[in-house]
Amino acid sequence: MRLRVLLIVLLTLLLAAPAMAVDRLVLATTTSTANTGLLDVLLPAFTKQSGITVHYIPVGTGKALAIAKRCDADVVIVHAPALEERFVADGYGVDRKPLMHNYFVLVGPPGNPAKVQKSGTVQEALKRIAQAKVPFLSRGDNSGTQVKELSLWKAAGIKPDWPGYREAGRGMGPTLTMADELGAYTLSDIATYRKYLSTGRISLVILADNQDLLKNPYSVILVNPAKCPKVKYDQAKKFEKFLLSAQGQKIIADYEADGKKLFWPVHPSK
Amino acid sequence: MDFFLGGLTRGLGLLVNLDPEVYGIAWLSLRVSLSAVILAALAAVPLGLVIGQKEFVGKRFLVVLFNTLLALPTVVVGLVVYGLLSYHGPLGGLGLLYTPGAMVVAQAVLAFPLITALVIAAVITLDNRVGPTALTLGATPLQAAWAVLKEARFAVLAALAAGFGRVITEVGAAIMVGGNIRHYTRTFTTAIALETSKGEFAQGMALGFFLLVVALAVNLASHQLQARWK
Amino acid sequence: MSQALFSLRGVVKRFEQREALNLERLDLEAGVITVVEGPNGAGKTTLLSLLALISPPDRGRLFFDGHELPRSGSQLTAWRRQITLVAQQAYLFETSVDKNVAYGLRLRGMDRATREERVAQALEQVGLAGFGPRRARRLSGGEMQRVALARALVLRPRALLLDEPFANLDPASAQVFERVLGELPGQGCAVVLVSHALEQAHRLAQRVVYLREGRLVPEDGHRPGA
Ligand SMILES: Nc1ncnc2c1ncn2[C@@H]1O[C@H](COP(=O)(O)OP(=O)(O)OP(=O)(O)O)[C@@H](O)[C@H]1O
Ligand SMILES: [Mg+2]
């Protein structure tokens with residue numbers, strides 16, 4: 001009996017030992033950067049150069065910033081300029097730097113019931129959708145994508161309040177699948193859309209693309225050590241410098257998924 | 001049909017291909033969930049034993065309370081544990097957030113009411129002569145409690161197995177406090193959630209299949225233990 | 001008369017305000033078989049639980065071997081190890097007969113070889129030689145009753161309390177019990193026997209105690225040994 005108790009204690013120690021904390025930098029970031037696989041190339045290169053391990057937590061932009069506000073992350077990579085400005089203005093973030101961008105795409109059912117013109121601007125497209133009162137699916141999860149979508153409606157002077165306008169409350173992938181099944185229009189990041197399209201899961205088509213209004217800029221922001229004394233500011237600063245260095249920017253520029261470029265670095269020539 | 005067959009064949013592929021990342025995920029899931037069950041059991045089994053055996057005012061209320069706690073959504077448990085382990089939380093100093101340890105804590109909290117409720121039920125339905133019999137044969141109160149546990153061993157092991165099933169399949173708490181960090185806190189369920197969000201449905205199904213195989217192995221082992229422990 | 005092994009003084013036991021037992025004065029000697037008689041609900045089982053130290057009295061004082069016993073607490077285990085009880089319907093653990101009988105010896109830290117020897121001896125005493133490996137809870141009612149007796153005898157207690165030991169026994173087994181119990185007073189053991197099986201009980205009894213509604217009935221008297 002005593003032996004059995006000893007065994008159990010030993011087993012617990014064995015199981016729990018690897019659960020100890022490690023020395024690492026915590027990066028809270030959006031699912032879109034994580035899901036494309038870019039970080040899985042970028043982070044090992046940084047670790048190799050600096051010896052610093054980076055753990056990334058893939059969540060939405062809103063949640064990434066919320067985590068950082070509670071001092072549970074050291075650095076964030078997000079894509080919602082309005083939220084980022086507030087985050088910095090409120091004193092939570094410092095050293096905000098633009099990192100890269102890509103483009104959102106407006107997608108819709110192949111039948112295109114709102115008769116959106118593919119050569120037109122995204123504003124015209126949204127007006128058509130609102131006039132036709134066709135289904136439109138919003139992320140509804142306070143992600144960078146949703147923030148962008150809402151700013152687009154605002155810029156077009158439209159209040160999206162017809163019955164066909166709905167919130168999915170889910171990530172990009174599930175939202176695309178739902179939109180496809182509902183015959184709805186939606187705004188998506190390009191990477192997730194391409195992934196879903198390539199697996200034949202959806203038949204939605206691109207209706208607006210590569211316009212300045214659809215630009216999706218990513219920034220890197222460090223968590224303010226004045227607010228969060230335990231944050232690893234110096235290591236985070238090194239990480240930011242690496243991202244913006246020639247090496248980091250080249251990795252971003254060269255990164256491709258399924259043979260297609262996904263991100264445009266801020267310093268392409270470097 | 002492709003949807004399911006594709007997942008199944010890919011799952012078999014994962015099993016035999018010995019992909020280190022997938023095996024890493026399996027090992028972590030197993031470690032975290034077993035640790036959580038052991039941790040929860042250390043508190044839940046004695047507590048269930050006491051509540052089940054003793055007569056006291058408020059006993060019924062406690063039983064109802066534990067049965068109610070079973071309805072706690074995993075995401076809420078995740079939120080609570082996140083609040084505790086967060087830098088500004090009361091246990092923030094431990095630096096456990098976004099580590100496997102945090103997932104162990106969250107899953108232990110999840111398993112605790114389930115194991116307690118099932119142990120209470122096991123003890124209440126057990127013959128009430130066990131404790132006194134042990135005492136008259138010379139047992140200390142602690143040894144008598146152990147005898148009760150031993151007599152209820154099948155139900156207690158079933159309670160532990162149920163606790164394991166609850167935690168290895170949950171995703172809400174693990175993703176919230178573990179962060180789904182690749183090679184570090186990515187378990188079966190958080191990996192499946194991620195693969196599904198990426199549209200990699202076949203990979204998600206394959207991981208789900210792998211999870212079932214692991215759960216089967218654990219249950220077979222516990223069954224073996226039951227058969228031996230006489 | 002030597003000093004009593006058990007002495008009860010003003011002992012009261014209640015269940016939900018109802019008095020189940022109220023004993024002004026009761027002494028039980030070592031080396032004597034005392035039979036407790038009385039109608040259903042008289043408090044016989046209650047008395048044995050009290051003597052077995054598993055159910056503390058609400059009032060009164062209990063002495064064992066000249067020492068006053070506490071109502072509860074960790075010292076009680078040491079006293080309890082000198083006494084054992086074979087209950088009205090004894091519970092056998094869900095394991096083998098061997099392990100059931102060895103249980104008390106293991107608790108007392110006895111080494112394995114001695115344990116096995118004593119277990120085998122006790123089983124033989126009750127006519128169950130060779131029953132060791134069988135599953136205890138699969139046995140017949142009478143066999144279980146005999147395992148329970150063996151489990152108590154193996155401890156060589158200073159006081160053996162038995163609640164209706166003859167209830168499930170066939171005549172042959174009853175005879176075995178009678179013989180085994182009859183040998184105990186010679187070893188200095190106090191035997192307290194509750195039984196409605198008047199024939200056997202009276203043959204064994206060196207003293208009979210009558211209980212009614214929790215109280216002693218003054219017909220109490222000594223009888224010559226069987
Ligand atoms: N745990 C208990 N809770 C409430 N009442 C009890 C309890 N145990 C015994 N009693 C009551 O105390 C009284 C004495 O019971 P006890 O079991 O001692 O009787 P007994 O003399 O052994 O009877 P029998 O010959 O039927 O075995 C009975 O009225 C019984 O109902
Ligand atoms: Mg009785």
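**Burial and nonpolar cores in a predicted model**

Of the 270 residues in chain A, 51% are buried (under 20% relative accessible area, with exposed over 50% and partly exposed in between, using a 1.4 Å probe and protein chains only). This is a predicted model, in which local features need pLDDT of at least 70 and side-chain atom pairs count only at pLDDT 80 or more, while totals for chains, interfaces and linings use all residues. Residues are numbered from 1 along each chain as its sequence is written, chains are lettered from A and ligands numbered from 1 in the order in which they are written, and side-chain values use heavy atoms, with hydrogens and water left out.

Chain A contains 11 helices and 12 strands (DSSP runs numbered from the N terminus: H or I of at least four residues for helices, E of at least two for strands). Its C-alpha atoms fill a box of roughly 75 × 55 × 40 Å along the principal axes. Among the contacts of chain A with a separation of 6 or more, 74% join residues 24 or more positions apart; a contact means heavy atoms within 4.5 Å.

The largest nonpolar core comprises 125 residues, and Ile115(B), Val101(C), Leu160(C) and Leu181(C) have the most contacts inside it. Such a core is a set of buried Ala, Val, Leu, Ile, Met, Phe, Trp, Tyr and Cys residues joined through side-chain atoms within 4.5 Å. Helix H2 of chain B (residues 20-53) gives the most to this core, with 12 residues. Leaving aside residues up to four places away in sequence, Ile115(B) touches Val37(B), Ala40(B), Ala41(B), Ala44(B), Val45(B), Ala159(B), Leu160(B) and Gly163(B).
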